[in-house]
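Subject: Structure for your review

Hello,

Here is the structure I said I would pass on. Please have it open while you read the notes under it.

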Amino acid sequence: MNKSVVLTLGFMLSGVFISAQAFDKKVPQAFDIEKKEIPHGKIDTIQYSSATVGTTRKALVYTPPGYKKGTQYPVLYLLHGIGGDEKEWFKNGTPQIILDNLYAKGKLSPMIVVLPNGRAMKDDRATGDIMAKDKVEAFATFEKDLLNDLIPFVEKKYPVKKDRNNRAIAGLSMGGGQTLNFGLGNIDWFAWVGAFSAAPNTKEPQLLLPDPSKAKELKLLWISCGDQDRLMPFSKRTSDYLTDNKIPHIFYVEPGGHDFKVWKNDLYLFSQLLFKPVNQEEVNLILKSQ
């Protein structure tokens, strides 16, 4: 992280605050290195019945350190890219380590994180021609699977809060496009939206938000991309549309390309802002001071 960061910031909450001490603006070198001496969350595999796909599907679920079934938690749905599956973040992005380390520093609101397979088809493996028409279309089908099958299953199996204010969605690349498509298309379901390096599956802005003012209901809208990423135009056109329509959001341009170095960095920063009040001016100053 350095001063080449370009930000278009407009956080949506006023009169409330997150202190400078509560937010890490720079990613420390060991942020993704496992520390044996701290408490750890737990990763489990779940299986749920998908009426949308007509089969049983899998997802990973991260529960935070100190997780208690008697406590209700907000939930983040974290989506993968076109060449991945429910294990892509786990294998390449180590979210469980990143989040454990943030919890140890007192930087996160306790939350459950669900890592689904966003390729909603009977054979949802990332094999063969991942760009095949049916496989690409399956990423759009996942919207119904997510809303109608996965979320109800998670809310039945885990002690999660069931209102939009306690439900977030984020993702990388193809999952970033899904995040914008699903999050902005279902603002009555999600109040926190984070797109990392959104891919060409991202709908054009006028289709994403025919009524731009609707996005003012979001508590956080984060769009980020590496400055060397060839997919930058998809993030920028969305941000430009939001800016033109005076919609509060973060457009965060960071050093890097289309890879997990960028996406892990995004998760580290984005997750700290979830499920807590934020003062737009203070966070703006924090990030611009890098």
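This is a predicted model: local features need pLDDT of at least 70, side-chain atom pairs count only at pLDDT 80 or more; totals for chains, interfaces and linings use all residues.

Residues are numbered from 1 along each chain as its sequence is written, and side-chain values use heavy atoms, with hydrogens and water left out.

Strands

Helices (H or I, at least four residues) and strands (E, at least two) are DSSP runs, numbered from the N terminus. Buried means under 20% relative accessible area, exposed over 50%, and partly exposed in between (1.4 Å probe, protein chains only). Two strands are called paired if DSSP finds at least two bridges between them.

Strand β4 is largely enclosed by the rest of the structure, because five of its five residues are buried. Val 75, Tyr 77 and Leu 79 lie on one side of β4, and Leu 76 and Leu 78 on the other. Tyr 77 takes part in both pairings: its bridge partner in β5 is Val 114, and Ile 169 stands opposite in β6.

Strand β7 (residues 192-196) also has five of its five residues buried. Trp 192, Gly 194 and Phe 196 point one way, and Val 193 and Ala 195 the other.

Helix α2

In helix α2 (residues 95-104), nine of the ten residues are buried. These buried residues pack (contact means heavy atoms within 4.5 Å) against β2, β3, β4, α1, β5 and α7. Just after α2, Gly 106 takes a positive phi of about 70 degrees.

Salt bridges

A salt bridge is a side-chain nitrogen of Lys or Arg within 4 Å of a carboxyl oxygen of Asp or Glu. The whole structure has ten of them. In one, Arg 57 and Asp 145 meet at 3.0 Å, N to O. This pair links distant parts of the chain, with Arg 57 in strand β3 and Asp 145 in helix α3 (residues 133-157), 88 residues apart. Arg 57 counts as buried at 1% relative accessibility, and Asp 145 is buried at 0%.

Glu 137 and Lys 133 form another salt bridge, at 2.4 Å, N to O. They are four residues apart in α3, and so separated by about one helical turn. Glu 137 is partly exposed at 40%, and Lys 133 is exposed at 62%.

Asp 229

Where does Asp 229 lie? Asp 229 is in the loop between β8 (220-226) and α6 (232-244). Asp 229 is buried yet has no salt bridge, and the nearest side chain of opposite charge, Arg 230, is 5.8 Å away; for charge, Lys and Arg count as positive and Asp and Glu as negative, with His and the chain ends not counted. The side chains of Asp 229 and His 258 are joined by a polar contact of 2.6 Å. A polar contact is a pair of N or O atoms within 3.5 Å; within protein, one must be able to donate a hydrogen and the other to accept it, and residues adjacent in sequence count only if both atoms are side-chain atoms. The Asp 229 side chain also reaches the backbone nitrogen of Leu 231 at 2.8 Å.

Regards
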